[in-house]
Amino acid sequence: MERNETRISARSQHELMLETRNHAQPRRSVAREFFLPVEVYISNQAAAALRKPNPRKKAEKRESPRPLSILGDDNQRKVKEKSSWLSLTRGPTTSDQWRQATCRIAEEEEGCVLNVYLEESILFQSVHLHLLLHTDIRPADQSLFFRKDCVGIHCSADQRWSATRSTEPLYCAFPSTEAMNIWVALLRSYAAPEVHGKSRTDGGGTYRIWRQVDLTCIQGRNIGVSRSLDPTSGPGAAGDVEGEGVDLDLFCEVYLNSVLSGRTVVKKSMGSPDWHESFQFTDLPPLQKLAIVVWREKRMQKPFVIGTVYITLTNFRRGEPVEGWFPVLLGGATTPCTQVGQLRLKVKVDEEIVLSCSKYSKVIDVLDRRNYLDWMIDLGSKFKVEQLSSQLVSIAIAKNILLSNVFEMADREVDGTPSSHRTLFRGNTVLTKTAESLMGWYGKSFLEASVGLTIRRLCLENVSIEVDPLRNAKGPKDVERNVDLLVFWCKEIWEQIYSVRQQCPGEMRTLFEHIRQLVAKRYLNGPSADSNSDLPWQSVSAFCFLRFIVPAILHPHLFGLSPGLPDLPVQRSLTLIAKVIQSLANLNTTVQREQFMRGVKSFLEEKLPEMLDYITVVSTPGSEEPSQPPSEECHVRNRAIRALNERTQAMSELQRESIPSLPHFLDVPRHLAILTSAIARNSRDSSVPQDPVIAELYNRCRDVEQHALYRVSRRAAPRGVEGSLAHPLSSSERSLGDYNPAEVPRSGKPSSRASSRPRTAPSGATSDPSLYNYAGSHDSREFLPSRDSGHAHKRQVSRPRSASTDSTPEPKLRDAVPERRPSLAEMLRPQNAERKKGFFRNMLVRK
């Protein structure tokens, strides 16, 4: 530790000199300082650098350094790495890789610095927050470490100091989602937002760009079966890749813009694994490439690469999901490219122009005229836009009107007719779907506390339960043993659910209370009151269990409770447990549907009083546990919120709105931008609605969309052409070009066809033909994953010091044809003169 202590001591002296100099100079206001406890991820490479190096003998030879890219080396199958670090039982998130740390956020005259200390005294990293962009501070996908509430800070070498000279992102884990939202909002207030355009006086206007990539890794086929892409060469083996009929332990790593962003679990199969894992990467910087690296684990060997899927994100139409089979390629710059299987993927790329919230005021006025749940029905039937329900729910939550809208819809649905009580809240209506979204918003931590730990333990132990005599061929004794095992796990899960009933959020309690009282009022005042006495309690369980807790037991990977799809025996066990819990929620102890389930009848009869008590507690507001006195951590968070409010008051409207609002971290202008652009795109080919309110919403969305595109065109238009652009824009835009994900384009220009919306990034509306490189070329091997550290080496890219694009050079466009006036698509194209090799120039120009 002598070398590290010397380095840290020198750093501390430098900080002391800066502090002395700052105190000697007059300040306009008192500098703020915050201390917060977090957990910091220490990779193997960083941990080795922090330790004292072992003395080496002269006869020993140093191990040759690994290549930065596992894709450009012919010996990529010999990559050294820890074995089985992705499996549930041997995961990467062990205690020796996450260490307690203290973060110090200190304001300086020139900006703000984030210092990360290990053991309260060892300076690990120092990040200059004022040199970062908002997109550099974003949540990490849960699959990366299988830890919730993790944030990655992506910065280059000139934006931080590190004791380990690491190029990896800095990953911090917070104790709760609320704490993560508060501190991320404060950190982003010191960073620069991605604001583009010019001031209103210049005739344009400012805007910001929001990007998101949704990826679903569904399954693979023929993994390990090599097939050369060269028609002149015959079939050959690809290194250690084996053919069909061999069980393979496979997993995937997802690299986005050359940074490791997600990973799947290990699946054993004969070349056709089923993952069904979804990833959502949001608040992204300008999009470049997506790569999915397929790895194989082998006993007594290090994991090695099978192949890689390469996807150019700039070739996708915005907002349109693409699903297909993508080739898994193996080969480097000096070796022929070989296809070693296919992956079935579903990819959706979103990139929206976000204006200030005041520009959407007329859209909000139209939305407020109706119940937001009615708008979900109208958008699905009139505009064929069914995926916007989450945007409407987010806007309603921000306006604090979601509960009142749900109450109004419930009053309509509960009509009190005798024939409706058996199917009450059982169908997939807008009310039930919205209630699911509401419980998902407010009940994440409650769901984790209810079933999360027990389900993960069941998956970890690989519990296999089968009580059906037709499926269990081991005899009656084994069936009896499985019934006892089923009852044991049902007790484990129910006891955990019942123990945290007081932690039910207040919003869910209010919803359940209104449902219970409404059903009691409509059905318990007539002649059939005796037969419907259990209906109020069953109506609450229809929401709390049928649509919240039981689906989480059936599909824990969809609710973030387990990593990946459980194995088939475990899925069967979860299905049987879910049936028992749902029977208990229905207040049904007969179990008449399946004879082999009668062994759990005693369990149901025993726990029935507890279920009634549970429903009473979760449907009674104000019965929470007595509040504890505020802790020191609460005081620090409140001080951070006050500092955030003070800082945002001095910002411009667009910069202030770029920081999501607390406590739910909602970006209302972004939700409105997604809503307006989707309606404008999907309604252009449809007829004008007869309903005047819906027609007015369409017109308002179209006006906002055209205004946003006009601002982009002003930002991208060269000098001398700005005056020729009329406002608002005409609908003569062209698309990015067609893209076939199942085939790797080799050369030539991509085909183009009419589109409803051009690129939102100002530097180009069409993809450059040079981006369609052959899959085996050197340019398609840009991203640099590193298996030693578990992360990717981030390319050193200089970033602008200011968020305003007025300080950045104007994007150079292609030369227009002199004989005619340039079209909008031509004005938005990037120029090829200064393109660097392997870098996409159809992204935003940076200084």
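Thr 338 lies in strand E19, which spans residues 338–354. The model is predicted. Thr 338 has a relative accessible area of 14%. It counts as buried because that value is under 20%.

Ser 269 belongs to strand E14, residues 267–269. Is Ser 269 buried or exposed? Its relative accessibility is 12%, so Ser 269 counts as buried. Leaving out residues up to four places away in sequence, Ser 269 touches Val 246, Asp 247 and Leu 248. The side chain of Ser 269 also has a polar atom 3.3 Å from the backbone nitrogen of Ser 272.

### Helix packing

Two packed helices are described by the angle between their axes and the distance between the axes. Here are both values for two pairs.

| Helix pair | Axis angle | Axis distance |
|---|---|---|
| H10 (residues 444–460) and H13 (residues 535–554) | roughly 25° | within 11 Å |
| H6 (residues 372–381) and H8 (residues 402–413) | about 70° | 8 Å |

Take H10 and H13. Their axes cross at roughly 25°. That makes H10 roughly parallel to H13, because angles under 35 degrees count as roughly parallel. The crossing of H10 past H13 is right-handed. From H10, the contact uses Phe 446, Leu 447, Val 451 and Ile 455. From H13, the partners are Phe 548, Ile 549, Ala 552 and Ile 553. What is the make-up of the contact of H10 with H13? Eight residues are nonpolar, with no polar and no charged ones.

Now H6 and H8. These helices pack at an angle of about 70°. They are therefore roughly perpendicular to each other, since the range for that class is 65 to 115 degrees. H6 brings Tyr 372, Leu 373 and Asp 374 to the contact. H8 brings Asn 405, Val 406, Met 409 and Arg 412. The residues of the contact of H6 with H8 divide into four nonpolar, one polar and two charged.

### In brief

Thr 338 in the predicted model is buried at 14%, and Ser 269 is buried at 12%. H10 runs roughly parallel to H13, whereas H6 and H8 are roughly perpendicular. The H10 contact with H13 has no charged residues; the H6 contact with H8 has two.

Terms used: Residues are numbered from 1 along each chain as its sequence is written. This is a predicted model: local features need pLDDT of at least 70, side-chain atom pairs count only at pLDDT 80 or more; totals for chains, interfaces and linings use all residues. Side-chain values use heavy atoms; hydrogens and water are left out. Helices (H or I, at least four residues) and strands (E, at least two) are DSSP runs, numbered from the N terminus. Buried means under 20% relative accessible area, exposed over 50%, partly exposed in between (1.4 Å probe, protein chains only). A polar contact is a pair of N or O atoms within 3.5 Å; within protein, one must be able to donate a hydrogen and the other to accept it, and residues adjacent in sequence count only if both atoms are side-chain atoms. Contact means heavy atoms within 4.5 Å. Axes are lines fitted to C-alpha atoms, for helices over the stretch in contact, and angles run from 0 to 180 degrees between N-to-C directions. Angles under 35 degrees count as roughly parallel, over 145 as roughly antiparallel, 65 to 115 as roughly perpendicular and the rest as oblique. A crossing is left-handed if the near helix is turned anticlockwise from the far one by less than a right angle, and right-handed if clockwise. Ala, Val, Leu, Ile, Met, Phe, Trp, Tyr, Cys and Pro count as nonpolar, Asp, Glu, Lys and Arg as charged, and the others, Gly among them, as polar.
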